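User: Could you walk me through this one in plain words? I'll ask, you answer.

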Amino acid sequence: MAGGILVVGSINMDLVVVAERRPAPGETLFGDTFRTVSGGKGANQAVAAARLGGATALAGRLGNDLFGKHLLGALRQEGIDTARVVCGPGETSGVAVIEVDRSGENSIIVVSGANAAWSESEIADAIGALKGRGTLLLQLEIPLPVVVRLAKAAREGGVRVVLDPAPPSPEPLPADLMASVDLLVPNEHEAAALTGIEIATVADAERAATALRQAGARAVIVKLGARGVVLQTDERTERMPGFRVQAIDTTAAGDTFAGGLAVALEEGRPLREAIRFAQAAAAISVTRLGAQSSIPTRAEVDAWLDEATEQGRSPQ
Ligand code: RIB
């Protein structure tokens, strides 16, 4: 294991409603279940990395409220180093209102709360925490300038930068951010938003990956759900097949993929093997409801991959 993983990102309480379908504008529906689940893209990535066996620290912000206390406790229980998780006095924790339908698709509204209020000294502390780490994991649910500062500092310090550009950015990412990214891991919607390329086919995803590499990212993995991923590096462009599962809820699948990828790369595994590990972790997560409640352990992923090898279950 190299120097460990630092995640810098959002922490939310997810308010999850499951219903037959998601309501149309102006419509009221009766749902089946309601749950509060620990979430937030940064926290989910950190939980995934920790459960999958990585030495993990998280830098983020919470409100000084009941949700904040609960969320912090849950992160600590996972063995995550939370020394740089700040509870802002008088602030409210981030929340995400999530509707999940029977096909496992979701709609999410995020109210950022404390996630949006990074101070200069907190950014400096997070940059200081890069020292000695192997991998920095980032997403776009905290202010973009914070993401840019962390990514640039990591690149200067020789720390691998993995960016999941979620939620989708309405405009291209700054050139200095893209130039700092070792691995960009968008899904098809995020890749489309960043490049303006509508992604219907694998060939479209390859074109988007090329555009994102031309914009500065060293390698790009476009996630296509059950169709697998398109990987593009200096050496090659290829589609890697995915695992087909019965989806209950896709929330946090991308976060789980990013956490799994970081853990496998930290263990020194080759990129293709790391992707397969991340795909397995993400596939298991979509068979369960909620964000952190859906993230598998290392033992579960290893067992899944063993079984997949035995049964020849993989290429779809
Ligand atoms: O990626 C899933 C996450 O997005 C949820 O946990 C929710 O908090 C939103 O931020």
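**A strand, a loop and a ring pair**

User: Which strand does Val97 lie in?
Analyst: Strands are DSSP runs of E, at least two residues long, and helices are runs of H or I, at least four, all numbered from the N terminus. The run covering residues 94–100 takes in Val97, and that strand is β6. Keep in mind that this is a predicted model, where local features need pLDDT of at least 70 and side-chain atom pairs need 80 or more, while totals for chains, interfaces and linings use all residues. Residues count from 1 along each chain as its sequence is written, side-chain values use heavy atoms without hydrogens or water, and the strand you asked for is β6.

User: Is Val97 buried, exposed or partly exposed?
Analyst: Buried means under 20% relative accessible area and exposed over 50%, with partly exposed in between (1.4 Å probe, protein chains only). Val97 comes out at 41%, so it is partly exposed.

User: And is Gly54 buried or exposed?
Analyst: You'll find Gly54 in the loop between α1 (41–51) and β4 (56–63). Its relative accessibility is 11%, so Gly54 counts as buried.

User: How far apart are the C-alpha atoms of Gly54 and Gly259?
Analyst: Along the chain, these two glycines are 205 residues apart.

User: How do the rings of Phe243 and Trp304 meet?
Analyst: The structure has one aromatic pair (Phe, Tyr or six-membered Trp ring centres within 6.5 Å; planes under 30 degrees stacked, over 60 edge-to-face, the rest tilted). Here the centres of Phe243 and Trp304 lie 5.8 Å apart with planes at 75°, so the pair is edge-to-face.

User: Which helix holds Trp304?
Analyst: Phe243 sits in the loop between β13 (237–240) and α8 (253–266), 61 residues from Trp304. Both residues are buried. Trp304 belongs to the helix spanning residues 298–311, α10.
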